[in-house]
Amino acid sequence: TNPEKYTNFNKALQLLITDRMITASEYRLYMQLLEESSLSQEGLLVIVKFCTEIKGGKISYKYILKVANDFISRNILTQEAVEKELEYYFNVSRVVKELFKKCKK
């Protein structure tokens, strides 16, 4: 793994995970994931942003890797594909919430 290849990614990653410092071993795990899969750096950053919005800035790298591996297993690998999947997820969540509200009336 060539760490210089991930300089901008690592900087962007730390900006997303705001409440703790990312360790060197954690960075290595993210780089290893990117090297061993076809997930793009941008796609992983979108996943991290989504995870931090759900779990907050102290989020565990294990959770992020689990979510990222789910996207990889479903062949959702580019920034555009990740954004499209998350847009679908949020739209479905909104519809389900609205249905529950109507059922409570």
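Predicted model: local features only at pLDDT ≥ 70, side-chain atom pairs only at ≥ 80, totals over all residues.
Leu 65 is found in helix α4. Residues are numbered from 1 along each chain as its sequence is written, and side-chain values use heavy atoms, with hydrogens and water left out. Helices here are DSSP runs of H or I with at least four residues, strands are runs of E with at least two, and both are numbered from the N terminus.

Back to Leu 65. At 13% relative accessibility, Leu 65 counts as buried; buried means under 20% relative accessible area, exposed means over 50%, and partly exposed is in between, with a 1.4 Å probe and protein chains only. What does Leu 65 touch, leaving aside its neighbours within four places in sequence? The contacts are Leu 29, Tyr 30 and Leu 33, where contact means heavy atoms within 4.5 Å. Leu 65 and Val 48 are 17 residues apart in sequence, and their C-alpha atoms are 9.0 Å apart in space.

Leu 29, Tyr 30 and Leu 33 in α2, along with Glu 26, meet a set of residues in α4: Tyr 61, Ile 64, Leu 65, Ala 68, Asn 69 and Ile 72. Two packed helices are described by the angle between their axes and the distance between the axes. For helix α2 (residues 24-36) and helix α4 (residues 61-73), the axes come within 11 Å and cross at roughly 5 degrees. So α2 is roughly parallel to α4. On that scale, angles under 35 degrees are roughly parallel, over 145 roughly antiparallel, 65 to 115 roughly perpendicular, and the rest oblique. The axes are lines fitted to C-alpha atoms, for helices over the stretch in contact, and the angles run from 0 to 180 degrees between N-to-C directions.

Now the whole chain. The C-alpha trace spans about 55 × 30 × 20 Å along its principal axes. Of the 105 residues, 34% count as buried. Taking contacts between residues at least 6 apart in sequence, 63% join residues at least 24 apart.

Next, helix α3 (residues 41-55), where Thr 52 lies. Is Thr 52 buried or exposed? Thr 52 is buried, with a relative accessible area of 13%. Apart from neighbours within four places in sequence, Thr 52 is in contact with Leu 16, Ile 17, Gly 57 and Ile 59. Lys 11, in helix α1 (residues 7-16), is exposed at 54% relative accessible area. In the segment before α1 we find Glu 4, exposed at 60% relative accessibility.

On to the rings. A pair of aromatic rings is described by the distance of the centres and the angle of the planes. The rule takes rings of Phe, Tyr and Trp (its six-membered ring) with centres within 6.5 Å; planes under 30 degrees apart count as stacked, over 60 as edge-to-face and the rest as tilted. The count is one aromatic pair. The ring centres of Tyr 6 and Phe 9 are 6.3 Å apart and the planes are at 75 degrees, so the pair is edge-to-face. Both Tyr 6 and Phe 9 are buried.

Two charges sit over rings, which requires NZ of Lys or CZ of Arg within 6 Å of the ring centre and within 35 degrees of the ring normal. The charged end of Lys 55 is over the ring of Tyr 63, 4.9 Å from its centre. The charged end of Arg 74 is over the ring of Phe 71, at 5.2 Å from the centre.

How many disulfides are there? The count is zero, a disulfide being a pair of cysteine sulfur atoms within 2.5 Å. Cys 51 is buried, at 0% relative accessible area, whereas Cys 103 is exposed at 64%.

Last, the backbone. Most residues other than glycine have a negative phi, and most peptide bonds are trans. Asn 75 has a positive phi, near 60 degrees. Asn 75 lies in the loop between α4 and α5 (79-104) and counts as exposed at 58% relative accessibility.
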